[in-house]
Amino acid sequence: MCGIVGYIGPDEAAPILLDGLSKLEYRGYDSAGLAIYNDGRINIEKAVGKLANLSEKTGGGSQVKGSLGIGHTRWATHGKPNEVNAHPHSTENFSIVHNGIIENEAMLRRTYLNDVNFVSDTDTEVVVRLLEKFTSEGEAIDVAIMHLIDIIDGSYALAIIDRRNPEYMYAVKNKSPLLIGKGEGFNMIGSDAMAMIAHTDTFYEIHDQEFAIVTRNSVDIFTSYSKKVDREPYKAELDLSDISKGTYPHYMLKEIEEQPLVLRRIIGEYQNDAGELTVPEEILADVRACDKIYIIACGTSYHAGIIGKHFFENISGKPADSYIASEFVYNTPLLTERPLFIFISQSGETADSRAVLVKIKEMGHKAITLTNVKGSTLSREADHTMLLYAGPEIAVASTKAYTAQVAVLAILAVAVKNKIGIDLKYELALIANTIESLCSDRELYKRLAEEYIAPSRNCFYIGRGVDYYVCLEAALKLKEVSYVQTEGFAAGELKHGTISLIEEGTPVVAIITQYNTHLNTRGNIKEVTARGAKVIRISTKGASSRRDQIVIGDVHELLTPLVSVVPAQYLAYYTAFLRGCDIDKPRNLAKSVTVE
Ligand code: AGP
């Protein structure tokens, strides 16, 4: 995971790097560091914990002079989060920052660096030591970088500076995200566009196994065979207000409340000149030609995938299944004759999903990626991309990206075959309005979180059918931000084991939106209530009963996940808030999971 920023130009680098890193803290926040070149030396500053500690230590960067530098926020994989393991890692001449994992570090140490005393526990130190070794043996820096690309297995985005060549900065990429920001009289390197958007909206992609040599006025990209790449920069459709909290106390709350806007944006982006929702014909042809859709994703995106399966089977009459990427890659099920893969990933960089994409591409199968990030790895490597148009999602807990994924899956399912004659454009617009009215009930969610969930050690979500699928997502949301141990259960399964966990006062949240099962779920509510559970009921109007605390306006029954998840997101937010948790950056998590 980890975030990388680099700057070369006329201004003081440290404040620019700290500002860029603050936009990347979602990628990791165990420690942070800077390497700034000044007057023949590279000065290193590091601090454990959040970026604020590094900022405080360096006076907001003002105490570290120099106009060439690289910075890093770390999500520890190799070695504890302490100052020694924090990046940058340096040798006599080089400083580097790294995002990714060097898989063959043990072999590299044995083969090339047997006589070296390593100071850190990181795999990154191996890279900087190799660079020093190869250049000290006479290789020019570009040759040494190609040498690294040749011998390193694993994922890496690297930014490198060299004390002897302060007019250059180097970027190297394989399987971890990295972009070059193109400025006027300056240039930048960053893990994503958000880290640089305050300075430029123009970017160069670097592809896997490529490297770039960056000066104040030039960007030259090369393949690992030293062939110069002719690549045009592109303009990012981001603006600074997209990535600021505005008046919101947390990104998570802002992003929950952006959901109506996101749905309206999706309608706008997917409609044709006649105002109908459409999907490019080449995508539809591939879906129609397959005999089964395999949806691959992780976490929240996997939960959206399960809803997608429901859509494809019920709306298009296409067999589909959703799979956890990290399971699928090493325990691949028997595939049908004509499989089609759909990858769902907010970031488009998730290593587990990418491992499946690489595998199924080797097998010769077609893939579509649903992602929020244009130009991301999963987007580039699939045959087709469908964008989510959710805008940058900064909170680690995914909210608006989930609803965007579900909406785009519905659009695809309807476009493939609208077997049930659903007027999806009308339904999505209605849902946007319904979510808007849910957003006006903040006080209710806060009160329920306070009374039922925040004081408890654990909590259960129960539901049937799509309500059960939403329960899985609702439970993930609550546990990841509030640390209340929460599970989502199929309500009918309770009596087969889980009900033994219910004690006096255990909070249970029931989701009830399906007419064919609402009475059964209510029966299950009675069972847990009789054993002491305190139940919050979230229902849609048509399936509601007098004592339900949260009643949502009716929407099409197949699409209720888009609305029933919203109160659950609020309950997670307010429970975390009341328990004093770091809502946008829950412990041990990172937004973009670029390691397997
Ligand atoms: C959920 O809130 C998490 N952020 C996480 O489960 C996330 O959905 C998962 O890591 C997959 O990420 P992706 O969508 O970027 O691939």
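Five bridges join β12 to strand β13 (residues 219-223), and the two run antiparallel; strands here are DSSP runs of type E with at least two residues, helices are H or I runs of at least four, and both are numbered from the N terminus. Two strands count as paired if DSSP finds at least two bridges between them. Within this pair, A212 stands opposite I221 in β13, and a hairpin of four residues links β12 to β13.

This is a predicted model, in which local features need pLDDT of at least 70, side-chain atom pairs count only at pLDDT 80 or more, and totals for chains, interfaces and linings use all residues. Residues are numbered from 1 along each chain as its sequence is written, and side-chain values use heavy atoms, without hydrogens and water.

β12 also has a partner in strand β8 (residues 169-174), pairing in the antiparallel sense over five bridges, with K173 opposite E210 in β12. Are the faces of β12 covered or open? Both are covered: E210, A212 and V214 on one side and F211 and I213 on the other are all buried (under 20% relative accessible area; exposed is over 50%, partly exposed in between, with a 1.4 Å probe and protein chains only).

Now turn to T350, in the loop between β18 and α11. T350 counts as buried because its relative accessibility is 13%. Leaving aside neighbours within four places in sequence, T350 is in contact with C298, S345, L378 and V593, where contact means heavy atoms within 4.5 Å.
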